[in-house]
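Subject: Structure for your attention

Dear colleague,

I would ask you to look through it first and then to read the notes that come after it.

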Amino acid sequence: MLSQLFNPRSIAIIGASREEGKVGHAVLRNILQYGYKGTVYPVNPKADEILGVRCFPSLRDVPGPVALAIFVVPAAVIGPLMDQCIEKGVAAVIIISAGFKESGREGARLEREIRDKARSAGTRMLGPNCLGLIDTSSHLNASFARGMPEPGNIGFFSQSGALGTAILDWAIGEKIGFSKFVSLGNKADIDEVDLLQFMSKDSHTNVILGYIEGIRDGREFMRVASDVSKKKPVVLIKSGGTEAGARAASSHTGALAGSDKAIEAAFAQSGIIRARTLEELFDLATAFATGRFPKGPNLAIVTNAGGPGIIAADAVERSQVRMASFAKSTIDELRSNLPAAAALYNPVDVIGDADAQRYRKGLEIVLRDPNVDGVMAVFTPQAMSDPEETGRAVASLVDSNKPIIASFIGGPAVKSGIDAMKAANVPNYPYPERAVVAFDALAKYQQWRDSPPKKIQPFEGNKQIVKEAIARARQEGRRALGESDTREIIRAYGFQIPKSILAPTAADAAAAAEKMGFPVVMKIASPDILHKSDIGGVRVGLKNAQEVESAVHEMTSRAKRLMPDARIMGVLVQEMVTGGKEVILGMTKDPQFGPMLMFGLGGIYVEVLKDVTFRIAPVTREDAHEMVTGIRSYALLSGVRGEQPVDVHAIEDSLLHLSQLVTDFPEIVELDINPLAVFPRGREAVAIDARLTIGEGG
Ligand code: ADP
Ligand code: MG
């Protein structure tokens, strides 16, 4: 469908201008200048001819069919002109003009009106308020940008016109080839999802690059992105929008979540490579444009200088890239080919007096090692070295089946070497740290591409129990569910909960504790007290009836003093859970992506430690596994200092149950299970405390 936009047979430029410096002039000139082969119809009632091309007073006067119409006229007149386009059967339009949604209410109305017209006629529309587009394979430059990039395999789209121009200028200067360049503007019709779909099928595009500010439909985006990213790498930079976490959240999960966490999770789950800075976007673009991916994370470094080699190895240590350990035969071969002073272990130092020949030999040998997935060529200009020849030597090995990235460090002295490599499609990074980041992304992408398709494991919860509990809360006009209802709900979805007895009086509490067996835990029972420990409403390890009774008096009187309006139903006497570690499971709703799950080390310090991971629900077991192993302090769960590792599989189960619960019941808007006590292999996790909120109405 979008092909008419990129490769139209004929184009009308509505608002083509004779005046140099005007956008309507620049667009026409670009179309004529860069070799577009189709028919061009400038439309302007005040001109007979522009840039040597016959001009027409209106679209109606254009003799032949028009596939693409480009608008460069004021926003207010586009509505009626759109009708003419539809009459004429125009397949696609580009609205370069501004003055729409970005300019206020009236603009937004105009934009909707035009979009609706286009939609009802099946006409696709790019913009408004955009720069236009470039397609190097059809030699079409339908933009007012300065210059045209070389043909290449990067497809790029940008929601910001200004950033688009900057990237284009960089590409032209650095001779980075593009297949397509698209400025999305206000995204009234065509958006990032359309372009992902289109570019995934475009034979000229091997890498998809994009800058986005907002995502129109998060779920749809994830669905399409997961599919596209399996075929081609997608590298996106997403600017921070407003943090949803800024609103007052009553749950830990709500307080720790936010739109950026959702983006992070959504990208990870759909195989999107996220560039964090513009620099990284460029760095990754050149790495991915090579189309060569390492089979694993093991990197060999070859250098002609010790210091930079160590810096590179340090950068590797800080990343998820691994320093390859060489086979014995590799070491032997290096020893017999390099001078005695050379370092034979990774990083391989061919030392400062190395000529291009020796440097090449070092590279060649490590490339052959089966434990090496890719090589980084580090080079600094030294008295005896020849940068250009060395660059050529690196370039000559580009067709080995392993990726080679370079870090020729310096300025004018290394430029000739960098150029020689660039001509052979070997990316160079001015600093080894950046080369490592690029290699890391390449390795992760290959891993994603090799990973089996994701499958959601359904879990059968007891929906009836949940429905009834939610109905009770609705009837009472409560959005925060009571303690016992929440416990029932999560129990219906496979969670173990500690034995609990609600005791209205001190005597009841003592009796309950006797029945349960000491020690016990006691908690204030009130639907209005969310964080019980904050007001001294939790006591653990009560050893006898006396301790229980005095704790009841103390606890209730303190609660009444600190929260005079809270309804207090008595205390909850609970079985004491020992020998576990405390983690938190949670869910909050993201406005873009819907239910988002959280995992972290739990307990009362969770908001201080902020050691949590997120994924968009529903999650697969692999997602759940990544959530658990992805926290910084995962080592605390995997067993430190002789401790037994906790049962990660059991935590994954819990996350899968939670995922199913919030998927089955979209009315649940927030949920914390904190803490979930987890144990070594063989003992099920126990949900000690839970809090659940439902949405308004419904
Ligand atoms: P709140 O989060 O409202 O303060 P919790 O029920 O989570 O109350 O209790 C606070 C802390 O007390 C928990 O993080 C846990 O460390 C401890 N605790 C609560 N209940 C138990 C229990 N049944 N067994 C063991 N420890 C418990
Ligand atoms: Mg708690």
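**The chain as a whole**

Please bear in mind that this is a predicted model. The protein chain has 698 residues, and buried residues make up 56% of them. Its secondary structure comes to 24 helices and 29 strands. Taken along the principal axes, the C-alpha atoms fill a box of roughly 100 × 80 × 40 Å. Among the contacts in the chain with a separation of 6 or more, 71% are between residues 24 or more positions apart.

Which residues of helix 12 are buried? In this helix, which runs over residues 328–337, they are Thr-330, Ile-331 and Leu-334. These residues cover an arc of only 100° around the axis, and they therefore lie on the same side of helix 12. The buried residues pack against strand 17 (348–349) and helix 13 (356–368). On the face turned away from the buried side, you will find the exposed residues Lys-328 and Ser-336.

**Two pairs of packed helices**

The crossing in which helix 5 passes helix 10 is right-handed. From helix 5, the residues Leu-163, Ile-167 and Trp-170 take part in the contact, and they meet Leu-278, Leu-281, Phe-282, Ala-285 and Thr-286 of helix 10. By class, the residues of this contact divide into seven nonpolar, one polar and no charged.

The other pair is helix 6 (residues 192–201) and helix 7 (residues 218–231), whose packing angle is about 15° and whose axes are 10 Å apart. Helix 6 and helix 7 are therefore roughly parallel to each other, and their crossing is left-handed. Helix 6 contributes Glu-192, Val-193, Leu-196, Gln-197 and Ser-200 to the contact, while helix 7 contributes Glu-220, Phe-221, Val-224, Ala-225 and Val-228. The residues in the contact of helix 6 with helix 7 comprise six nonpolar, two polar and two charged.

Is Ser-17 buried or exposed? Its relative accessibility is 11%, so Ser-17 counts as buried, the cut-off being under 20%. Ser-17 lies in the loop between strand 1 (10–14) and helix 2 (23–33). When its neighbours within four places in sequence are left aside, Ser-17 is in contact with Lys-22, Gly-24, His-25, Asn-44 and Ile-50.

Val-686 lies in strand 28 (residues 686–687). With a relative accessible area of 12%, Val-686 is buried. Leaving aside neighbours within four places in sequence, the residues in contact with Val-686 include Gln-496, Ile-497, Pro-498 and Val-577, and also Pro-675, Leu-676, Ala-677 and Phe-679. Val-686 and Gly-580 are 106 residues apart in sequence, and their C-alpha atoms are 9.0 Å apart in space.

**Backbone points to check**

Most residues other than glycine have a negative phi, and most peptide bonds are trans. The following places depart from that pattern.

- The peptide bond from Asn-346 to Pro-347 is cis, with omega near 0°. Pro-347 lies in the loop between helix 12 and strand 17.
- The peptide bond from Phe-518 to Pro-519 is cis, with omega near -5°. Pro-519 is in the loop between helix 19 (506–516) and strand 21 (520–525).
- Lys-610 is not a glycine and has a positive phi, near 50°. Lys-610 belongs to the loop between helix 21 (606–609) and strand 26 (612–616), and its relative accessibility of 52% means that Lys-610 counts as exposed.
- Arg-641 is likewise a residue other than glycine with a positive phi, near 50°. Arg-641 sits in the loop between helix 23 (635–638) and helix 24 (648–664), and is exposed, with a relative accessible area of 85%.

With kind regards

Terms used. Residues numbered from 1 in each chain as written. Chains lettered and ligands numbered in written order. Predicted model: local features only at pLDDT ≥ 70, side-chain atom pairs only at ≥ 80, totals over all residues. Heavy atoms only, no water. Buried < 20%, exposed > 50% of the residue type's maximum accessible area, 1.4 Å probe, protein only. Helix = DSSP H or I, 4+ residues; strand = E, 2+ residues; numbered from the N terminus. Arc of directions from axis to C-beta. Contact = heavy atoms within 4.5 Å. Left-handed = near helix turned anticlockwise from the far one by under 90°. Nonpolar A, V, L, I, M, F, W, Y, C, P; charged D, E, K, R; others polar. Axes fitted to C-alpha atoms, helices over the stretch in contact; angles between N-to-C directions. Parallel < 35°, antiparallel > 145°, perpendicular 65-115°, else oblique.
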